[in-house]
Amino acid sequence: MAQLIDGKKISNEIKDELKEEVAELKGKGVSICLAVIQVGDDPASSVYVRNKKRACAYIGIESKAFELPEKTTEEELVTLVEELNRDPSVNGILVQLPLPAHINEDRIIRTISPDKDVDGFHPVSVGRLWIGEKGFLSCTPAGIIQLLKRSGIEIEGKECVVIGRSNIVGKPMAALLLRENGTVTVAHSRTKNLKDVAKRADILIVAIGKKQFITSEYVKNGAVVIDVGMHRDEKNHLCGDVDFNDVEPVASAITPVPGGVGPMTIAMLMNNCVETARMQEE
Ligand code: NAP
């Protein structure tokens with residue numbers, strides 16, 4: 001039986017630690033405020049935004065919501081982000097993605113001040129991550145590092161294979177594993193002999209975006225398997241990029257979907273919000 005890596009429990013531990021830290025900061029007169037911007041009313045985005053506001057309330061972070069109509073122009077959004085950049089009462093700015101097609105996401109991400117970039121998507125944050133400087137970390141990969149560490153799984157010296165090279169998961173994941181002294185391989189859709197590459201992994205991180213793609217044929221006996229994917233199966237149940245029932249018997253530890261990587265993303269967003277206050281204190 002593989003160890004089940006419980007993201008729900010670990011994310012709750014992190015949120016409770018942050019709640020205590022925020023209370024201490026409040027005692028010193030430091031308060032934290034996150035601005036959350038949503039453009040349009042995409043139902044999935046609305047759920048994410050609601051969950052983020054709920055997490056803020058639990059931890060003691062103020063959240064300011066900006067719910068803008070679908071027809072908001074790029075210039076209007078840029079103006080709002082610039083105002084929030086200048087507002088000293090706002091510590092972090094989060095623009096819920098995806099944005100409507102008429103708005104250039106890259107431009108909006110670059111408009112957010114790197115000092116308030118709690119999603120960690122700004123090129124300055126990405127650069128800091130790769131050169132090993134302190135800065136905001138992309139939330140999902142940072143959450144995966146916490147899952148591994150808090151489950152007692154050592155990264156140093158391990159063969160780590162990341163399948164997927166997106167800017168929000170695969171690439172920052174590779175940088176973070178490297179920072180933890182793992183030996184890192186990044187695989188993608190042009191990788192040859194993916195099964196052989198994946199089978200080298202002591203730690204296999206799967207962020208492909210393809211339902212239950214990874215079977216036991218891709219997994220070395222005793223490997224740790226982290227599933228980032230999020231899909232609905234035929235019965236409308238949540239499932240991941242990994243075929244859990246097939247892979248679990250060969251893995252030494254594995255994340256379930258739901259209840260694995262998913263809850264960690266918001267916990268690490270909250271950590272980035274608290275980081276804004278830690279940075280101010282320093
Ligand atoms: P993405 O932008 O679609 O990237 C997918 C990556 O997988 C690409 O790099 C692609 O390679 C690679 N890939 C696709 N098919 C492949 C194949 N057959 N063999 C090898 N590599 C293949 O996806 P993403 O944003 O990183 O997200 C990945 C999954 O994680 C999705 O299911 C998403 O819903 C989920 N997700 C979950 C969370 C969370 O909080 N739990 C957060 C973010 C994402 P190329 O670059 O060559 O095209």
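Analyst: Strands here are DSSP runs of E with at least two residues, numbered from the N terminus. With that, Asn236 is in the loop between strand S9 (231-232) and strand S10 (238-239). Keep in mind that this is a predicted model.

User: OK, what's the phi of Asn236?
Analyst: Positive, about 70 degrees, although Asn236 is not a glycine. Most residues other than glycine have a negative phi. Asn193 also has a positive phi, near 50 degrees.

User: Where's Asn193, and is it buried or exposed?
Analyst: Asn193 is in the loop between strand S6 (183-187) and helix H8 (194-199). It counts as exposed because its relative accessibility is 55%, and the cut-off for exposed is over 50%.

User: Which peptide bonds are cis?
Analyst: Leu97 to Pro98 is cis, with omega near 0 degrees, and so is Val257 to Pro258, with omega near 5 degrees. Pro98 is in the loop between strand S4 (92-95) and helix H4 (105-111). Pro258 is in the loop between strand S11 (253-254) and helix H10 (262-281).

User: Switching to packing. How many residues are in the largest nonpolar core?
Analyst: 51, and Leu34, Ile61, Leu148, Leu177, Ile205 and Met270 touch the most other members. H10 gives the largest share, nine residues.

User: Why does this core lie between domain 1 and domain 2?
Analyst: Because both domain 1 (29-113) and domain 2 (139-262) give residues to it.

User: And what does Leu177 touch?
Analyst: Its contacts include Ile145, Leu148, Val184 and Ile205.

Definitions and conventions: Residues numbered from 1 in each chain as written. Predicted model: local features only at pLDDT ≥ 70, side-chain atom pairs only at ≥ 80, totals over all residues. Heavy atoms only, no water. Helix = DSSP H or I, 4+ residues; strand = E, 2+ residues; numbered from the N terminus. Buried < 20%, exposed > 50% of the residue type's maximum accessible area, 1.4 Å probe, protein only. Core = buried A, V, L, I, M, F, W, Y, C linked by side-chain atoms within 4.5 Å. Domains from an automatic or database assignment. Contact = heavy atoms within 4.5 Å. Lists of a residue's contacts leave out its neighbours within four places in sequence.
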